[in-house]
Amino acid sequence: MTMHRTRRPQFFYTTAPLPCPYLPGRMERKIVTELSGASADSLHDRLSRAGFRRSHNIAYSPVCPACQSCIPIRILADAFRPGRTHRKLLKALAGVSAHRMPARASAEQFSLFQRYQQRRHQDGDMAAMGFYDYRAMVEDTPISTGIVEFRSPDGTLLGACLTDWLNDGLSAVYSFYAPEMAGLGTLAILWLVEEAQRSGQPYVYLGYWVPQSRKMAYKAAFRPAEVLRGGVWQLLDTTVVPEMAELSAE
């Protein structure tokens, strides 16, 4: 008698409409699904290739009626070479060191996270997060996740990037940094690209590129890159030139 293992169905849900965090006057809706169990990593890999993002143990993708402004984007790591602006930044921040850490929240991280939110996103929902909320954001993960810390020569924490490790690359989940220092967000992305190159992984996933949003437009500055349109990853048109001043990753 042949036994067949029954595969647990994967359920997807649509959220209620909420104000869009990127484009004023618009509403957003998401399709979400839970990441759990032994297959969480493989499911997350497949969903990432389909344009989904992760928050805690949930994968989501925007399904906003009459709007397709959120465009999944990923850097082609092997072909990427820092441009003049990137090289200048790397030289200016040469003393900053990166350290890959487990996905464990610390009071030091949270203090920097609060400073960043209060200076850069004081009107956003994350500005009201307490330590236990922050810890859940970092530690509530069913997949391979770490946090990359960036420190000054004297050991001061300057920035951090919550990062997922995928089969085909790295995914920048959320970064924050000392608000008075320019370029640390870009430095985090450049480090992720270098890490992908060192490990032979082809992509760095940056989430959603929103050309109409100044705080999200910086992602198109990292070339070559691919965007997901109509279910197909395709090379980002080189005629799309972002404002180079918008290089600090949010």
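Reader: What makes Glu108 and Arg151 a salt bridge?

Author: Good place to start! This is a predicted model, and in it the closest N and O atoms of Glu108 and Arg151 are 2.8 Å apart. The cut-off for a salt bridge is 4 Å, so the pair qualifies.

Reader: Where in the chain do Glu108 and Arg151 lie?

Author: Glu108 belongs to helix α3 (residues 107–120) and Arg151 to strand β9 (residues 145–151). The two are 43 residues apart, and the pair links distant parts of the chain.

Reader: Why is Arg151 called buried?

Author: Its relative accessible area is 15%, and buried means under 20%, so Arg151 counts as buried.

Reader: And what is Glu108 called, with 39% relative accessibility?

Author: Partly exposed. The value of 39% falls between the 20% limit for buried and the 50% limit for exposed.

Reader: What makes Glu108, Glu149 and Arg151 a network?

Author: Arg151 forms a salt bridge with Glu108 and also one with Glu149, where the closest N and O atoms are 2.9 Å apart. Those salt bridges link the three residues in a network. Glu149 is buried, with a relative accessible area of 5%.

Reader: How do you know that Asp168 has no salt bridge?

Author: The nearest side chain of opposite charge, Arg49, is 4.2 Å away. A salt bridge needs a distance within 4 Å, so Asp168 has none, although this residue is buried.

Reader: What does the side chain of Asp168 make a polar contact with?

Author: With the side chain of Tyr205, at 2.8 Å. The limit for a polar contact is 3.5 Å, so this pair passes. Asp168 itself lies in the loop between β10 (157–166) and β11 (169–177).

Reader: How do you know that β10 and β11 pair?

Author: Pairing takes at least two bridges, and eight bridges join β10 to β11, which run antiparallel. The two strands form a hairpin with two residues between them.

Reader: What makes β11 largely enclosed?

Author: Eight of its nine residues are buried, so the rest of the structure largely encloses β11.

Reader: In which sense do β11 and β12 pair?

Author: In the parallel sense, over three bridges. From β11 the chain crosses through helix α5 (residues 184–199) to β12, and this β-α-β crossover is right-handed.

Reader: Why is one side of β1 and β5 left without a neighbour in the sheet?

Author: The four strands of that open sheet come in the order β1-β4-β6-β5. β1 (13–14) and β5 (53–55) stand at the edges, each with a single partner strand, so one side of each has no neighbour in the sheet.

Key:
Residues are numbered from 1 along each chain as its sequence is written. This is a predicted model: local features need pLDDT of at least 70, side-chain atom pairs count only at pLDDT 80 or more; totals for chains, interfaces and linings use all residues. Side-chain values use heavy atoms; hydrogens and water are left out. Buried means under 20% relative accessible area, exposed over 50%, partly exposed in between (1.4 Å probe, protein chains only). Lys and Arg count as positive and Asp and Glu as negative; His and the chain ends are not counted. A polar contact is a pair of N or O atoms within 3.5 Å; within protein, one must be able to donate a hydrogen and the other to accept it, and residues adjacent in sequence count only if both atoms are side-chain atoms. A crossover is right-handed if, with the strands pointing away from the viewer, the path from the first strand over the helix to the second runs clockwise.
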